[in-house]
Amino acid sequence: MVANHDIDITVRRGSVHALIGENGAGKSTLMKILYGMQRPDEGTIAIDGETVDMHSPADAISRGIGMVHQHFMLADNLTVLENVVLGAEKRHGIAGRARARIKEISDAYGLGVRPDALVEDLGVADRQRVEILKVLYRGARTLILDEPTAVLVPQEVDALFENLRELKSEGLTVIFISHKLGEVLAVADEITVIRRGTTVASVEPGSVNSKQLAELMVGSELPSPQTSESTVTDVPVLSIDALRLCATDSDGTERTVLDEIGFTIHRGEVLGIAGVEGNGQSELVEAIVGIRHPDSGSIVLDGQDITGAPTRTRRESGLGYIPEDRHRHGLLLEAPLWENRMLGHVTEPPNSRRGLLDPKAARQDTERIVEEYDVRTPGIEVTAASLSGGNQQKLIVGREMSHAPKLLIAAHPTRGVDIGAQTQIWEQIRQARREGLAVLLISADLDELIGLSDTLRVMYRGRLTADADPATVTPEELGSAMTGASTGHLDQSEAGADAPAAGGEDS
Ligand SMILES: Nc1ncnc2c1ncn2[C@@H]1O[C@H](COP(=O)(O)OP(=O)(O)OP(=O)(O)O)[C@@H](O)[C@H]1O
Ligand SMILES: [Mg+2]
């Protein structure tokens, strides 16, 4: 298959250049070529007018090009200093100098990176700043960022854009890939659109709106999203009561990660949880899935107490799970797609029959998922690693929706997917909800949370500190609750005068 052909792109020094396109369009591939990780069969790359031949990332780095990948590549068990220096310095005994240099770079661009922090203790936004610092440390003057904002909440995106402007003002160049067109319009000086491996347009943000950008990406008009009516019933599917979970940090201190968490999700209800990453959402999900064991409290799924049950029992009782880290929990990267279709569901039909694996049925069903979820792939025998990021995500969503779950835990279900596929996934979740599915939705995308949820809760420092009605709450109100600035019921904006009386218990 050809991932890139007839690519034509010119990036000006000291600018932020955005690259957009559908899942599998060839954005990451193009950047890997520029970074020396893949070799083009034809064509040339010129830097400052001079043709260069890039054989490896080391070549690219020596020419001042650095890349932060779609999936982070830091070693968790090492410090920031060790990660930054790893592979860059050959001699020992330079820690002192390296530490000083890291501080210097961090200060120069306002990155706020602490050299001695352990990477595993850092949140996503901090890890990303470490990755950026790492390429700056190696002398990069052009930074390639592959979907840097996919994992960030709005405040973190603003902070990142502040960093990018800082880099730009120092004469550095940033190439930036994103599916969020609003962001692209806000931060880019120029936007190049890729469709099916080819550059189809280069535009300036002032001359287009996000609808026009989307249409350039897909080459046709987009369907407008359906409005949806409430399908919430009073039949509980998931009931969580007084859940408490403690964890020990790497320096030995005890920390309460989940504190008195309690809520119920009913048939036909989507409960959305908003929060800045690292406030306990991941741990809550892991407790429900069975990866972590709570210190106290209970979890009841469809009338059955599963607080101490193994993950497999939970799966078999109707739990679907779209994990936040698709590489660690969602896929076997080196296995073919059809084996990935069985992951987490080996004991269930169609993957097995009367206790025996049924690879033929699994293969057939994988074909169906590829078709229904528009997974762009040459076939089901290729490895999951060969799919583009967004197509990996579509495969996972398709798999988890295929077992008619009673409860779907959806952590960032549309992370990294293009807007066409996003609309499609939302529609699939809504359809299942109409048929009684209960959903716990965790997302950094506030539009997704507000658009998809029937009920909204805000999680802050391990507690559910606020709730809101998705029909009336604004992203700003949610954002402020996410930072702990407001608590309780959030819809004060309309309170008093002519607050709508509708909604409430009997909708
Ligand atoms: N390592 C690989 N081996 C084989 N094919 C690959 C490999 N990596 C990518 N491809 C294929 O190349 C095409 C372009 O993929 P690429 O990852 O560049 O897409 P993308 O535009 O970055 O998409 P996304 O928005 O989903 O990240 C896809 O069809 C993909 O399946
Ligand atoms: Mg990509």
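Predicted model: local features only at pLDDT ≥ 70, side-chain atom pairs only at ≥ 80, totals over all residues.

Guide: In the hairpin of β19 and β20, two residues sit between the strands, and Arg461 takes a positive phi near 45°.

Visitor: What makes β19 and β20 a pair?
Guide: Pairing needs at least two bridges, and β19 and β20 (residues 463–468) are joined by five, running antiparallel. So they pass the cut-off of at least two bridges. One of the bridges puts Tyr460 with Arg463 in β20.

Visitor: Which strand pairs with β19 in the parallel sense?
Guide: That's β11 (residues 270–274), which pairs with β19 (residues 455–460) over four bridges. Ile273 stands opposite Arg457 in β19.

Visitor: How do you know that β12 and β13 count as paired?
Guide: They have two bridges, in the antiparallel sense, and at least two is what's asked for, so the label holds. Val300 stands opposite Asp305 in β13.

Visitor: Why are β10 and β13 said to stand at the edges?
Guide: The open sheet has four strands in the order β10-β9-β12-β13, with antiparallel pairing. β10 (254–266) and β13 (304–305) each have a single partner strand, so one side of each lacks a neighbour in the sheet. Helix α9 (residues 281–289) packs on that sheet, touching β9, β10 and β12, and its direction makes about 120° with that of β9.

Visitor: Why is α14 called roughly parallel to α15?
Guide: Helix α14 (residues 389–401) and helix α15 (residues 419–434) pack at an angle of about 10°, with their axes 12 Å apart. Angles under 35 degrees count as roughly parallel, so α14 and α15 get that name.

Visitor: Which residues of α14 and α15 meet there?
Guide: On the α14 side you've got Lys394, Val397 and Met401, and on the α15 side Ala421, Ile425, Gln428, Ile429 and Ala432. The residues of this contact divide into six nonpolar, one polar and one charged.

Visitor: What makes Asn391 count as buried?
Guide: Asn391, which lies in helix α14, has 0% relative accessibility. Buried means under 20%, so Asn391 qualifies.

Visitor: How do you know that Asn391 and Lys394 make a polar contact?
Guide: Their side chains come to 3.1 Å in that contact.

Visitor: What else is Asn391 in contact with, leaving aside its neighbours within four places in sequence?
Guide: Asn23, Gly24, Asp374, Val375 and Arg376.

Definitions and conventions:
Residues numbered from 1 in each chain as written. Chains lettered and ligands numbered in written order. Heavy atoms only, no water. Contact = heavy atoms within 4.5 Å. Axes fitted to C-alpha atoms, helices over the stretch in contact; angles between N-to-C directions. Parallel < 35°, antiparallel > 145°, perpendicular 65-115°, else oblique. Nonpolar A, V, L, I, M, F, W, Y, C, P; charged D, E, K, R; others polar. Buried < 20%, exposed > 50% of the residue type's maximum accessible area, 1.4 Å probe, protein only. Polar contact = N/O pair within 3.5 Å; in protein donor to acceptor, adjacent residues only side chain to side chain.
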